[in-house]
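Below is a short note for a colleague who has not looked at this entry before. Please read the points with the structure open.

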2 protein chains.
Amino acid sequence: MEDTKALLFDVFGTVVDWRGSVVREIRDFAARNGLTLNPEAFADAWRGLYQPSMERVRSGEIGWTVLDDLHRVGLDRLLADNGISGLSEAEIIRLNHAWHRLDPWPDSREGLARIRRRYIAAPLSNGNVALMVDLARHGDLVWDAILGAEVARQYKPRPEVYFTAAQLLRLPPESCMMVAAHNDDLRAAASCGMRTAFVARPHEHGPGQTSDLAPAENWNIVAEDLRDLARQLGV
Amino acid sequence: MEDTKALLFDVFGTVVDWRGSVVREIRDFAARNGLTLNPEAFADAWRGLYQPSMERVRSGEIGWTVLDDLHRVGLDRLLADNGISGLSEAEIIRLNHAWHRLDPWPDSREGLARIRRRYIAAPLSNGNVALMVDLARHGDLVWDAILGAEVARQYKPRPEVYFTAAQLLRLPPESCMMVAAHNDDLRAAASCGMRTAFVARPHEHGPGQTSDLAPAENWNIVAEDLRDLARQLGV
């Protein structure tokens, strides 16, 4: 890995536990507003709208739209589907910002700090810049830059997102390593010439997860978590 | 300053001592290559090409070009003007990268760290992303994001650079404060609706500096250095 200069991280699921955090936020939201709803089902339904909403941008059906705004469209629809109305705008904004308050996995802060001692580290996430900034501050994570979808104005796994990140760092893709808990993200990064590290997150989707339990291809590194990734990198 | 959420920093001169650092790098370069040249004059001449080179982009004479590449064009010209030839490409790249190894002013690291406790902090520099990443790592500075010219594909003081930074943070310009040692930078930021903090750097251009010795307008804050700025912000 001598020529690797930068590690680029998927964030939702790889660095932070989006589901556990969003479930907690929905539970608090329901309690605050005297609502009866299943927080796990609501969180999964919200996340279920994630790929279709980004696909509208990728396909060109709608112009560039940041993830905060896609989340909000999905949330408005879910609230309507659940017969929830009469909420204040401030309350809806607060719930939509649940995605800015996701907790890191227990190993993320230390693993990332160790990795940063030797490598440039940046998120390469579909989350927008403001969302990534808030997540880092919330979780006490330090990045060298915020890269990803918004600076490319396109969503992963479209290649321009990976190429834009490498270009902004003035590095060839071969000097970048994509770190993700998702095989399809690594597949897209590898097809752009990047190196790959798979980090297993078998509870990202809760107890019954069936996807991405194991590496699907011969990735450059396969790690148990970000501390293990740091260890394998020798930092 | 209750509504201020983010502080955006000019970097060359405001956060780092570009002249002292580039002079040191040129002196080392001359010694390594057995050349006789005046490091101060060479540094000032190189910096003298900075505004004209960016003006070529601002005017549309040339397309978007990152500062690293503008620096290189200027360096090649200066080397030729000084009759210096026969250097290896690696040696020229090394000298051009002097701008990636600028030392922070003595107060910058502590001041910035204190400011970041309460505020989002990001460079809003004409330096490109890779250059800013290297400067931060060199000087042990921590930023929340790297904003500035490259993500706007335009150079300050063009308004789109300031507006793009605020937009990426999802903040109105009024919630952003521009921090700079240069009155013209603050003037441009203020005309975009940003708040302003002037930080005096009376030795940026060496002992004979005549410009920007004092605030030219009634900026929101006038500080002696970044520690003093933190103090005035109550952090």
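1. The model is predicted.

2. A:Arg47 lies over the face of A:Tyr50, 3.7 Å from the ring centre. A:Arg47 also lies over the face of A:Trp18, at 4.8 Å from the centre of that ring.

3. B:Phe42 and B:Trp46 are both buried.

4. B:Trp46 has a further partner. With B:Trp99 it forms an edge-to-face pair, with 5.6 Å from centre to centre and 80° between the planes. Where does B:Trp99 lie in the chain? B:Trp99 is in the loop between α5 (89–96) and α6 (108–118) of chain B, whereas B:Trp46 is in helix α2, so the pair links distant parts of the chain, 53 residues apart. B:Trp46 and B:Trp99 are both buried.

5. Turning to the strands, chain A has an open sheet of six, in the order β3-β2-β1-β4-β5-β6, with parallel pairing. Which strands stand at the edges? They are β3 (147–148) and β6 (221–223) of chain A; each has a single partner strand, so one side of each is left without a neighbour in the sheet.

6. Within this sheet, strand β1 (residues 6–9) and strand β2 (residues 120–125) of chain A run parallel and are joined by four bridges. In that pairing, A:Phe9 stands opposite A:Pro123 of β2. Helix α11 of chain A (residues 226–233) packs on the sheet and touches β1, β4 (176–180), β5 (195–199) and β6. The direction of α11 makes about 140° with that of β6.

7. The last point is how the chains are related. Chain B is superposed on chain A by a rotation of 180° with 0.0 Å of shift along the axis, at an RMSD of 0.0 Å. This is the relation of a two-fold axis. In chain B, the C-alpha nearest the axis belongs to B:Ala145, at 2.5 Å from it.

8. As for the interface, 100% of the interface residues of chain B are also interface residues in chain A, so the copies meet through the same surface.

Note on methods: Residues numbered from 1 in each chain as written. Chains lettered and ligands numbered in written order. Predicted model: local features only at pLDDT ≥ 70, side-chain atom pairs only at ≥ 80, totals over all residues. Heavy atoms only, no water. Pairing = 2+ DSSP bridges. Helix = DSSP H or I, 4+ residues; strand = E, 2+ residues; numbered from the N terminus. Contact = heavy atoms within 4.5 Å. Axes fitted to C-alpha atoms, helices over the stretch in contact; angles between N-to-C directions. Least-squares fit on C-alpha atoms with pLDDT ≥ 70 in both. Buried < 20%, exposed > 50% of the residue type's maximum accessible area, 1.4 Å probe, protein only. Phe/Tyr/Trp six-rings, centres within 6.5 Å; stacked < 30°, edge-to-face > 60°. Lys NZ or Arg CZ within 6 Å of the ring centre and 35° of its normal.
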